[in-house]
Amino acid sequence: MKEAAIQVRNFSHYYGNNRSLKDLNFDVYRHEILGIIGPARSGKSTFLACLNRLNDLIPGSRVEGQILVDGQDIYRPDVDVVALRRKIGMVFATPVPLPLSVYENVVYGVRLLGKNNVKEVDFLVEDSLEKAGLWDEVKGRLQTSALKLSGGQQQRLCIARILALKPEYILLDEPTSGLDPISTMKIEDSLRTLKKDYTIILVTNNTKQAARIADRTAFFLMGELVEINETPIIFTRPADKRTEDYLVGKFG
Amino acid sequence: MTKLDKNDRLIRISLLVVAFSAVSVLAVITIFIFEQGTPIMFKYGLRSFLLGSDWYPSEKSFGLLPMIVGSLMVTFGALIIGVPLGLASAIFLTEFSHRRLTRFLKPVIELLAGIPSVVYGFIGLMFLVPFIRENFGGPGLSVLAASIILGVMILPTVISIAIDSIRAVPDSYREGSIALGATKWQTVRMVVLPAARSGIVAGIILGMGRAIGETMAVIMVAGNAADIPGSILQPVRTLTSNIALEMGYASGEHREALFATGVILFVVIMILNTIANLTSARQKKR
Amino acid sequence: MLVRPKTEQKIVQALLYFFTSIAVLVLLFILVVILKNGLPQLSLEFLTKNPADMGREGGILSTIVATIFLTFIALLVATPLGVGTAIYLTEYTVENRVTRIIRFGAECLAGIPSIIFGLFGFILFVNKLKLGWSILSGGLTLAFMVLPTIIRTSEEAIKSVPQTYRLVSFSLGSTRWQAITRVVLPSAVPGIVTGIILSIGRSIGETAAVIFTAGSALRMPSSLFSSSRTMAVHFYILAKEGVSMPKAYGTAAVLVIAILIINLVTYYLMERYIQRKS
């Protein structure tokens, strides 16, 4: 279980001349939930966007160093970015259901691959929605517009959407920040189950969430990785004073 | 580069080509009109072309001055009528009338902007021309008739753009002025209108461009005599009417002269358009 | 001004009201006159029979058909060009010199008067490309007249699709083109359609550009290459040559009503579109 699935080596990111990530060095273990905490503008979301190369779409975005996923540097020029994004799925902070039916939302990525066999696809939909903890609530109305679901349901739909692509990694960027406690709990429960089959990185502003479900936690501050360790250790005996100050609330 | 990337590149290039269609057409129009029209301008002599007052194509006399004067008079007249009416209406509808009235009228006015120019010309021919003839003298088909019709035609444009410009002025300006004890009208006069000025001016220039480029309506009410009008009750011919009236049967040098008319018209309008674009860009920057 | 501000305001308000009324009444007058004199002319016969005796008798069927063909061709050409341009400007580039040139070209095109388009169409389509006076020549000319409108409305519609939709599509493994065709364009359709409908309205009423490219032959178009008279051109000739005032009113009424319906449809589409967004 301690295999390093993602290896970040001397990795920096720039927006134009602005250095947003400074010389990151750490590993992400397979089948763990890694929580990333830190105050605003510390580079947490930027890091996630580097993992699935969504940052490529921003003009002026530039990287140095390496990120190895399953041993391969994802920034090599011959990497198939589109396939990478299927392998590393991302859930955004605000649930973004596409203006389609629930069913079509889940299969959106799958359709891009040309899979059209109805039986296969139907099964995929049910399977993904189950894993996301949403199947029971929507099984009777797969054809209704996804925009009609509640916030919590929409977010779980977004999770189901990437599960349908059978990724290996799931990135979540403050996934429950706008949701009520019950939806939050449901999603956290799903994540705990999902980590058996996936490697999960969770960015959160809510340190208590990291304390609840992350196996290890990393503390980012102003583009740097301050420290990373098993969650209980970070929260009770942090090695760096800055971590302690953040957790205690001296800044944030 | 993967296959998907290659496809994306291809699509990007095709779209670039498509996007240039508008620009290419513009270039082609410019080239054609100039290609057909400029030779005769120089053969005949630019001076006598622009300043000659005798337009007798059958005798190879191509003086455009009456038409240039005609276009200017008629456009100017249109502005005298259309701008005050349009501006007043816009001010009234944005600042002084009930919201519901404005909400009803603005779309109605925009609706009326869609009425074809030939219809305006027709109404002018049926009602305005006899009216002028009976009450003011002259043949009725006159500078006055053309100015009025054109002024009415540009009303929806001027009103719409003026309304949008005035609405774009932030409420905080108005509140600040009222808080200092000004009346509504003083606020409008001293704060709102100056702030909306570039937008309004752009709208006026747009209206002016429309008036200068209008053809069919003018033909129907202006009389089309190729002489410099001595008064506003006399008939007039514009640059646009000149082209439209004679193109059907012109040939050889006559035809070239009509293209040359097009060149002059084109140049004038391009200048106006550029000014309008620059002015409204200034308003947006604010 | 030595008048008290409040009084000044009262006077000005009255003046403004007066001017506005004049403007509105004049515009409405035009509408009312056309409808009052034209509606009586509108019979089933008027709409289904061809003009006879140079338009003094009969109906306006051939002109209606010609108008429809012409408009159809214009939009067939202008829509892909316009939407394609809009897609390029919004999805594939950032603001740079190239995009500014493209935009400048479209803006200038929008300001060119119809008679110049008529000349252009005459030189290019009728003569150089040897299409002759025909529906095809007229349609192609009109296509470029409405192109700026389609570009502008399509661009607005595409820009208003939330950026997050695109991000989601990418993160699910789509290329840019797939994101555009599967998510962005479908969302932008109402806005694009509005632009198309507006352009239909404009094409219907166009005269100067059409008369020099599609000609004025008073007969039912048999193919794209036939010359044929549209409603607007027919109306113009009836009115200017004094052929038949009642028929002219009738034609005008059809034109005006068609345009009114088109504008109303556009208006309601926009309202529903705006409602859907919020």
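## Sheet in chain A

Two strands count as paired if DSSP finds at least two bridges between them. The model here is predicted. In chain A, six strands form an open sheet in the order β6-β7-β8-β3-β9-β10. The pairing is mixed. Strands in a sheet pair through backbone hydrogen bonds, either parallel or antiparallel.

The edges belong to β6 (88-91) and β10 (224-230) of chain A. Each has a single partner strand, so one side of each lacks a neighbour in the sheet. On average, neighbouring strands of this sheet are turned by 15 degrees against each other, direction ignored.

## Strands β3 and β9

Strand β3 (residues 33-37) of chain A runs parallel to strand β9 (residues 216-221) of chain A. Four bridges join the two. In this pairing of chain A, A:I36 stands opposite A:A218 in β9(A).

## Helix packing in chain B

Helix α3 (residues 65-96) of chain B packs against helix α6 (residues 143-168) of chain B. The angle is about 35 degrees, and the axes are 6 Å apart. The crossing of α3(B) past α6(B) is right-handed. Residues of this contact comprise 21 nonpolar, seven polar and one charged.

## Contact between chains C and A

Chain C gives 14 residues to the contact, and chain A gives 19 residues. On the side of chain C that touches chain A, α7 (163-171) and α8 (176-205) of chain C are the elements that give two or more residues. The largest share of that side, six residues, comes from α7(C).

By class, the side of chain C that touches chain A has seven nonpolar and seven polar residues. It has no charged residues.

Key: Residues are numbered from 1 along each chain as its sequence is written. Chains are lettered from A and ligands numbered from 1 in the order in which they are written. This is a predicted model: local features need pLDDT of at least 70, side-chain atom pairs count only at pLDDT 80 or more; totals for chains, interfaces and linings use all residues. Two residues are in contact if their C-beta atoms, placed from the backbone, lie within 7 Å. Ala, Val, Leu, Ile, Met, Phe, Trp, Tyr, Cys and Pro count as nonpolar, Asp, Glu, Lys and Arg as charged, and the others, Gly among them, as polar. Axes are lines fitted to C-alpha atoms, for helices over the stretch in contact, and angles run from 0 to 180 degrees between N-to-C directions. A crossing is left-handed if the near helix is turned anticlockwise from the far one by less than a right angle, and right-handed if clockwise.
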